[in-house]
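Visitor: I have this one open on my screen and some time to go through it. Can we take it piece by piece?

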Amino acid sequence: PADVDGPRPPDQIPIARVEKRDVPDDAYLDGKIADAAVQKLRDVKDTPFFLGVGFWKPHLPFNAPAKYWDMYDATSIEPPSNPQPPVGVPPIAMHDSRELLRDYKQGLTDEQTQTMRHGYAAAISYVDTQIGKVLDELDRLDLRRNTIIVFWSDHGFHLGEHALWCKTSNFELDARVPLIISVPGKTDTGRSCRALTELLDIYPTLADYCDLHPPHGLEGVSLRSVIEN
């Protein structure tokens, strides 16, 4: 168990929940995915295409290469500001964080919590770089001018807030996800919108922009009017 011998360095915490090794980006899965996506873009650049690129990070395990850990000062990693369950919260709103804590039966020490939060930040920077590789290749191939890009996540993540770790709650940290849509020809880019959206809207939106006719009965709606205005 992690708490037998006290806190350990990131590359020695058991169960491989975190790992810090001086390896290249493609030593881990997301680096390989980025390389494969770049090659696929080269293969399909002269034909209409839909390319889904699924990255793993910042999901567990937090095993980004060492250079991404080193982007952050470990001593500056803050603990969760709200580590206790909300007052009066119904028990059904909580869960046992088993995705992580099943490996730490006594819970996490303060040092381990700091390491996990450090690893999450490193994982975000790692996947950010991999996404950048794909976007750079789009630019190099001159595909950005007629390619719609959608970036989204499947869920949020808790890092000790509300006494929770990982996902599967209805709190905002779990239920809210990033959603970024880049459409060629837009001049007022980089803006956010408070309109209600859901991931079911992505397919109708792409179909709308590509002049395709989706089947009847979809629960999602096109976000084109939101994007255009």
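Guide: His-118 counts as buried, at 7% relative accessibility. Keep in mind that this is a predicted model.

Visitor: Where is the place of His-118?

Guide: In helix α4.

Visitor: And what does His-118 touch, not counting residues up to four places away in sequence?

Guide: Trp-69, Tyr-72, Ala-74 and Ile-77.

Visitor: How many residues does α4 have, and how far does it reach?

Guide: α4 has 31 residues and reaches 45 Å from its first C-alpha to its last. That is close to the 45 Å expected at 1.5 Å a residue.

Visitor: What happens just after α4?

Guide: Asp-142 takes a positive phi there, of about 60°.

Visitor: Which residues does Tyr-120 touch, beyond four places in sequence?

Guide: Pro-58, Phe-62, Phe-157 and Leu-159. Its C-alpha is also 8.9 Å from that of Ala-64, which is 56 residues away along the chain.

Visitor: Pro-58, then. What joins Lys-57 and Pro-58?

Guide: A cis peptide bond, with omega at about 10°. Pro-58 sits in the loop between α1 (29-44) and α2. That loop also holds Pro-61, and the peptide bond from Leu-60 to Pro-61 is cis as well, with omega near -5°.

Visitor: Now the core. Which residues have the most contacts inside the largest nonpolar core?

Guide: Phe-62, Leu-100, Met-116, Phe-157 and Trp-165, out of 18 residues in that core. Elements giving two or more residues to this core are α2 (66-69), α4 and β3 (165-166). α4 gives the most, with four.

Visitor: What is Met-116 in contact with, leaving aside its neighbours within four places?

Guide: Arg-17, Val-18, Phe-62, Leu-100, Tyr-104, Leu-108 and Trp-165. There is also a second, separate core of seven residues, which includes Ala-37, Val-134, Leu-138 and Leu-143.

Visitor: β3 came up. What is the phi of Cys-166?

Guide: Near 75°, a positive value in a residue other than glycine. Cys-166 is in strand β3 and counts as buried, at 1% relative accessibility. Ala-163, in the loop between β2 (158-159) and β3, likewise has a positive phi, near 65°. Ala-163 is partly exposed, with a relative accessible area of 35%.

Visitor: Change of topic: why is α6 largely enclosed by the rest of the structure?

Guide: Because six of the eight residues of α6 (residues 202-209) are buried. They are Ile-202, Pro-204, Thr-205, Leu-206, Ala-207 and Tyr-209.

Visitor: What do the buried residues of α6 pack against?

Guide: β1 (149-152), β4 and α7. Following α6 is Asp-211, with a positive phi near 55°.

Visitor: Last one. How much space lies in the second largest pocket?

Guide: About 1200 Å³. Its lining has 28 residues, and the closest to the centre are Leu-179, Arg-191, Ser-192, Cys-193 and Thr-197.

Visitor: Which element gives the largest share of that lining?

Guide: β4, with four residues. α5 (172-175), β4 (179-182) and α7 (224-228) each supply at least two. By class, the lining has 14 nonpolar, six polar and eight charged residues.

Methods:
Residues are numbered from 1 along each chain as its sequence is written. This is a predicted model: local features need pLDDT of at least 70, side-chain atom pairs count only at pLDDT 80 or more; totals for chains, interfaces and linings use all residues. Side-chain values use heavy atoms; hydrogens and water are left out. Contact means heavy atoms within 4.5 Å. The expected span of a helix is 1.5 Å times one less than its number of residues. On a 1 Å grid over the protein atoms alone, a cavity is a set of points where a 1.4 Å probe fits but cannot get out, and a pocket is an open set with protein on both sides within 12 Å along at least five of seven lines; lining residues have an atom within 4 Å of a point. Grid points are joined across faces, edges and corners, and a volume is the space filled by probe spheres set on the points. Ala, Val, Leu, Ile, Met, Phe, Trp, Tyr, Cys and Pro count as nonpolar, Asp, Glu, Lys and Arg as charged, and the others, Gly among them, as polar. A nonpolar core is a set of buried Ala, Val, Leu, Ile, Met, Phe, Trp, Tyr and Cys residues joined through side-chain atoms within 4.5 Å. Buried means under 20% relative accessible area, exposed over 50%, partly exposed in between (1.4 Å probe, protein chains only).
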